[in-house]
Amino acid sequence: MRIAVLKELAAGETRVAATPETVKKFIGLGAEVAVESGAGVTASIADADYTAAGASVGSRADVLKGANIILGIQGPDPKSLSGFADGAWLAAGLNPFGERARVDDYAKLGIEALAMEFMPRITRAQSMDILSSQANLAGYKAVLMAANAYGRAFPMMMTAAGTVSAAKAFIMGVGVAGLQAIATARRLGAQVSATDVRSATKEQILSLGAKPIFVESVAGIEGEGAGGYATEMSEEYQKAQAELVSGHIAKQDIVITTALIPGRPAPRLISDAQLATMRTGSVIVDMAAESGGNVEGSVAGETKQIHGVTVIGAKNIAALMPADTSALFSRNLFNFLSAFWDKEAGKPVLDEEIGNAVRLTQGGKVVNERLLG
Ligand code: NAD
């Protein structure tokens with residue numbers, strides 16, 4: 001069983017899909033690991049560190065030769081893949097909706113493509129979930145980005161020259177990233193409030209010492225979809241939410257938006273008119289900018305001034321902390337493959353529940369229901 005670890009070639013991608021720690025663990029399972037030269041450099045891992053862990057290091061063509069499993073952070077360009085074993089697996093964050101044409105190409109190449117972001121949200125798959133591990137650190141970093149762009153302090157400070165008041169931070173969307181954003185903003189000393197469409201998050205917000213801001217007027221909406229995902233909300237709810245946000249947002253200094261609905265454009269949480277009510281010098285970090293944005297006018301990868309508000313269209317925040325995010329992503333991949341490792345076969349054999357969820361292609365065809373349906 002040969003595992004190939006590719007160097008990420010996408011612009012701005014700094015992470016790597018295996019670390020010396022996971023290389024050693026794969027070797028412990030009886031696998032052979034080959035790492036593309038320079039794959040870990042931007043994540044503070046030298047080729048020599050991989051060699052010391054027992055991997056071989058070489059060119060892309062070298063490492064792919066006879067590979068049974070190919071690991072990546074993002075999906076590699078199909079044109080760059082050759083020489084791998086028949087029916088090789090590709091396990092990575094494949095962005096199946098955004099990179100649909102690539103999925104067809106992987107099928108044509110005879111690759112079994114496994115999209116790690118399609119991991120089901122079930123207890124036993126928590127340790128394999130790249131969305132959670134990366135969102136957690138991204139939620140932390142988003143608050144630091146906001147603090148850095150904000151021309152004032154976060155905590156209340158009493159100085160001989162007078163008092164500096166605490167920043168008011170509002171977190172919109174309390175999933176994995178949002179919870180970490182609340183905790184980080186609290187640690188920095190801000191006064192924190194938060195909102196979500198899932199009523200289950202109210203308790204979590206309170207337990208982190210923040211104030212929940214919730215639509216109470218529209219009854220009966222729990223906002224909970226399959227696997228803990230938010231569902232798209234009714235028009236009535238969206239109207240009530242917009243009114244609530246309008247009143248609250250005008251008083252905020254920092255806003256972090258994190259709301260995503262898988263396979264759909266991100267919900268619009270802040271309109272241009274609402275932005276115009278915010279104080280000059282306020283800062284918004286739109287963590288959903290790459291999926292169309294929660295904030296009107298935000299652009300992925302750009303920082304814009306809109307009505308005097310700094311709107312940061314965050315893009316691949318996880319790549320800003322590559323050493324830690326690579327370590328967690330790599331463990332997710334190892335936890336996934338090792339959980340299904342069949343000792344006799346000397347390779348992983350997926351079960352139906354997780355296999356059907358993550359498998360995009362098999363036997364030359366696209367097989368995933370979410371892509372076909
Ligand atoms: P996410 O990235 O899908 O979305 C971020 C948050 O935005 C969610 O809380 C969502 O409810 C919220 N949101 C969506 N539309 C909104 C709107 N219009 N207004 C305000 N908020 C909106 O979420 P996530 O971080 O992946 O987590 C969602 C839930 O799934 C959490 O309860 C999490 O603990 C759970 N989860 C479980 C597992 C597992 O068991 N393996 C793995 C990951 C997440």
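In what sense do strand S12 and strand S13 pair, and over how many bridges? Strand S12 (residues 254-257) and strand S13 (residues 283-286) pair in the parallel sense, over 4 bridges. Some notes on the rest follow.

1. Ground rules. This is a predicted model, in which local features need pLDDT of at least 70 and side-chain atom pairs count only at pLDDT 80 or more, while totals for chains, interfaces and linings use all residues. Residues are numbered from 1 along each chain as its sequence is written, and side-chain values use heavy atoms, with hydrogens and water left out. Helices (H or I, at least four residues) and strands (E, at least two) are DSSP runs, numbered from the N terminus.

2. The sheet with S12 and S13. Have a look at the open sheet of 7 strands, whose order is S11-S10-S9-S12-S13-S15-S14, with mixed pairing. Its edge strands are S11 and strand S14 (303-306), each of which pairs on one side only. Pairing here means that DSSP finds at least two bridges between two strands.

3. S9 to S10. Strand S9 (residues 168-172) and S10 run parallel and are joined by 5 bridges. Ile 171 stands opposite Ala 194 in S10. Between S9 and S10 the chain passes through helix H6 (residues 176-187), and this β-α-β crossover is right-handed. The hand is defined with the strands pointing away from the viewer: right-handed if the path from the first strand over the helix to the second runs clockwise. As for cover, 4 of the 5 residues of strand S10 (residues 191-195) are buried, where buried means under 20% relative accessible area, exposed over 50% and partly exposed in between (1.4 Å probe, protein chains only).

4. S10 to S11. Here 2 bridges join S10 to strand S11 (residues 211-212), and the two run parallel. Ser 193 has Lys 211 in S11 as its bridge partner. The chain gets from S10 to S11 by way of helix H7 (residues 201-207), again in a right-handed β-α-β crossover.

5. Strand S1 (residues 2-5) is joined to S2 by 4 bridges, and they run parallel; Val 5 has Val 35 in S2 as its bridge partner. S1, helix H1 (residues 20-28) and S2 make a right-handed β-α-β unit. On to S3: 3 bridges join S2 to strand S3 (residues 56-58), also parallel, and Glu 36 stands opposite Gly 58 in S3. S2, H2 and S3 make a right-handed β-α-β unit as well. S2 is largely enclosed by the rest of the structure, because 4 of its 5 residues are buried.

6. The ligand site. Which of the 21 residues around the ligand come nearest? They are Arg 121, Val 176, Asp 196, Arg 198 and Gln 241, with a residue taken as near if one of its heavy atoms lies within 4 Å of the molecule. By class, the shell has 10 nonpolar, 7 polar and 4 charged residues. For those classes, Ala, Val, Leu, Ile, Met, Phe, Trp, Tyr, Cys and Pro count as nonpolar, Asp, Glu, Lys and Arg as charged, and the others, Gly among them, as polar.

7. Atom pairs at the ligand. A backbone N or O atom of Val 176 is 2.6 Å from a ligand oxygen atom, and a polar backbone atom of Gly 175 is 3.1 Å from an oxygen atom of the ligand.

8. Two positive phi values. Most residues other than glycine have a negative phi. Ser 44 is not a glycine, yet its phi is positive, at about 65 degrees. Ser 44 sits in the loop between strand S2 (32-36) and helix H2 (47-53), and is exposed, with a relative accessible area of 62%. Asn 95 also has a positive phi, near 45 degrees. Asn 95 belongs to the loop between strand S5 (89-93) and helix H4 (100-108) and is partly exposed, at 40% relative accessible area.

Definitions and conventions
Polar contact = N/O pair within 3.5 Å; in protein donor to acceptor, adjacent residues only side chain to side chain.
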